[in-house]
Amino acid sequence: MIRLLQPWWLLAVLPVLALAALYVWRQFRRREYAMRFTNVDLLRTVAPKGLGWRRHVPATAFLLALLVLAGALARPAMDTREPLERATIMLAIDVSLSMQADDVAPSRLEAAQEAAKQFVGELPESYNVGLVSFAKSANVLVPPTKDRPAVTSAIDGLVLAEATATGEAVFTCLEAIRSVPADGAAGIPPARIVLLSDGFRTAGRSVEEAAAAAQAANVPVSTIAFGTDTGHVDIGGQLQRVPVDRMALAELAETTEGYFYEAATVTELKQVYQDMGSSIGFRTEAREITQWYAGIALLLALCAGAFSLLWSSRML
């Protein structure tokens with residue numbers, strides 16, 4: 001089905017129709033003038049044989065070329081169904097103050113940012129990826145998208161804050177996954193959550209509740225622990241120990257059938273999505289065909305010029 005992206009440009013057809021009407025009017029005026037010469041037989045003997053209907057062909061082709069060009073201005077388009085992969089991976093990155101500890105060089109947060117960017121860079125292009133940051137609350141910084149630069153830019157812009165709402169991070173990721181458009185497919189898309197943190201929840205719903213919700217949604221949560229047992233940070237002028245909570249992160253991964261890592265390489269992280277599967281939806285998109293109209297108009301204009309040269313030795 002053909003539709004117009006800028007239909008108001010169809011007004012350009014009006015001057016073309018006016019020109020066509022003027023041409024028809026001129027032809028009638030010409031016939032009336034010829035009828036005033038009453039001796040038609042004598043006229044036929046002295047006048048050369050006319051072109052007949054052929055003299056109208058170049059003008060008709062030229063007017064049709066103008067008409068098609070006017071239609072092209074309205075940007076005609078055809079609806080096409082484009083397949084769309086719905087598989088989604090959500091990254092959840094801990095930005096609590098403990099992530100500024102430098103027991104992992106150059107700091108836990110910077111190490112997590114670098115790992116997250118490498119992970120995003122290795123993902124298949126067809127997958128959606130989104131980003132959630134969490135401290136006292138969890139926020140979707142980038143909803144599921146195929147726009148990788150948007151995700152890496154958001155990773156670079158992470159800012160530290162107080163508290164650690166690990167459970168809320170998982171719940172927020174699940175909500176983001178449910179927001180992926182169905183596009184004709186059934187159910188939520190196949191998905192994975194990758195959570196980068198140093199553990200120890202201090203705010204929001206519990207990790208156990210989050211694990212149960214992820215398990216019910218059939219979304220594995222893989223966790224990557226950043227930090228050591230000797231890590232410490234200066235908070236409000238006081239030096240505080242911030243050991244990594246491996247046990248909580250490992251249990252979250254185990255409960256949801258994800259993977260737990262401490263020093264994961266990019267190759268190891270591919271385990272996270274290698275068995276994720278696929279869900280193809282279809283999105284209707286407008287495919288512009290203005291070039292087809294322009295090509296037809298050019299062909300008609302060439303025909304007009306060629307016929308005119310052939311039958312009257314004039315361009316038009």
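**Charges, patches and pairs in a predicted model**

Let me begin with glutamate 251, which lies in helix 8, where helices (H or I, at least four residues) and strands (E, at least two) are DSSP runs, numbered from the N terminus. At 40% relative accessibility, glutamate 251 counts as partly exposed, and here buried means under 20% relative accessible area, exposed means over 50%, and partly exposed is what falls in between, with a 1.4 Å probe and protein chains only.

Residues are numbered from 1 along each chain as its sequence is written, and side-chain values use heavy atoms, with hydrogens and water left out.

Patches are made of residues with over 30% relative accessible area and no salt bridge, with like charges joined within 9 Å and nonpolar side chains (Val, Leu, Ile, Met, Phe, Trp, Tyr) joined within 5 Å. For the charges, Lys and Arg count as positive and Asp and Glu as negative, while His and the chain ends are not counted; the place of a charge is taken as NZ of Lys, CZ of Arg, CG of Asp or CD of Glu. The areas themselves come from the Shrake-Rupley method with a 1.4 Å probe, and for residues only the protein chains shown count as cover.

Which residues gather in the patch of positive charge? They are Arg26, Arg29, Arg30, Arg55 and Arg314. Arginine 314 is found in the segment after helix 10 (290-312), and with 54% relative accessibility it counts as exposed.

There is also a nonpolar surface patch of about 460 Å², made by Leu11, Leu14, Leu17, Leu64 and Leu67, and helix 1 (13-35) and helix 3 (57-73) are the elements that give two or more residues to it. Leucine 64 lies in helix 3 and, at 40% relative accessibility, counts as partly exposed. Leucine 10 lies in the loop between strand 1 (2-4) and helix 1, and is partly exposed at 36% relative accessibility. The C-alpha atoms of leucine 10 and leucine 67 are separated by 9.7 Å, although these residues stand 57 residues apart along the chain.

A second pair of this kind involves leucine 160, in the loop between helix 5 (148-156) and helix 6 (166-178). Leucine 160 counts as partly exposed at 30% relative accessibility, and its C-alpha atom is separated by 8.8 Å from that of serine 98, 62 residues apart along the chain.

Let me turn to the salt bridges. Side chains of opposite charge can pair when their charged atoms come close, and a salt bridge is here a side-chain nitrogen of Lys or Arg within 4 Å of a carboxyl oxygen of Asp or Glu. The structure holds 8 salt bridges.

Arginine 246 forms one of them with aspartate 229, the closest N and O atoms being 2.9 Å apart. Why does this pair tie together parts that are 17 residues apart in sequence? It does so because arginine 246 lies in helix 8 (residues 246-255), whereas aspartate 229 lies in the loop between strand 7 (221-225) and strand 8 (232-235). Arginine 246 is partly exposed at 26% relative accessibility, and aspartate 229 is partly exposed at 41%.

Arginine 246 also forms a salt bridge with glutamate 262, where the closest N and O atoms are 2.4 Å apart. This pair links distant parts of the chain, 16 residues apart, with glutamate 262 in the loop between strand 10 (260-261) and helix 9 (266-269). Glutamate 262 counts as partly exposed, at 43% relative accessibility.

Elsewhere, salt bridges that share partners join Asp103, Arg108 and Asp198 into one network. Within it, the side chains of arginine 108 and aspartate 103 meet at 2.9 Å, N to O; arginine 108 is buried, with a relative accessible area of 0%, whereas aspartate 103 is partly exposed at 24%.

Finally, the cysteines. How many disulfides does a search of the whole structure find? It finds 0, a disulfide being a pair of cysteine sulfur atoms within 2.5 Å. Cysteine 173 counts as buried at 0% relative accessibility, while cysteine 303 is partly exposed, with a relative accessible area of 27%.

Conventions. This is a predicted model: local features need pLDDT of at least 70, side-chain atom pairs count only at pLDDT 80 or more; totals for chains, interfaces and linings use all residues.
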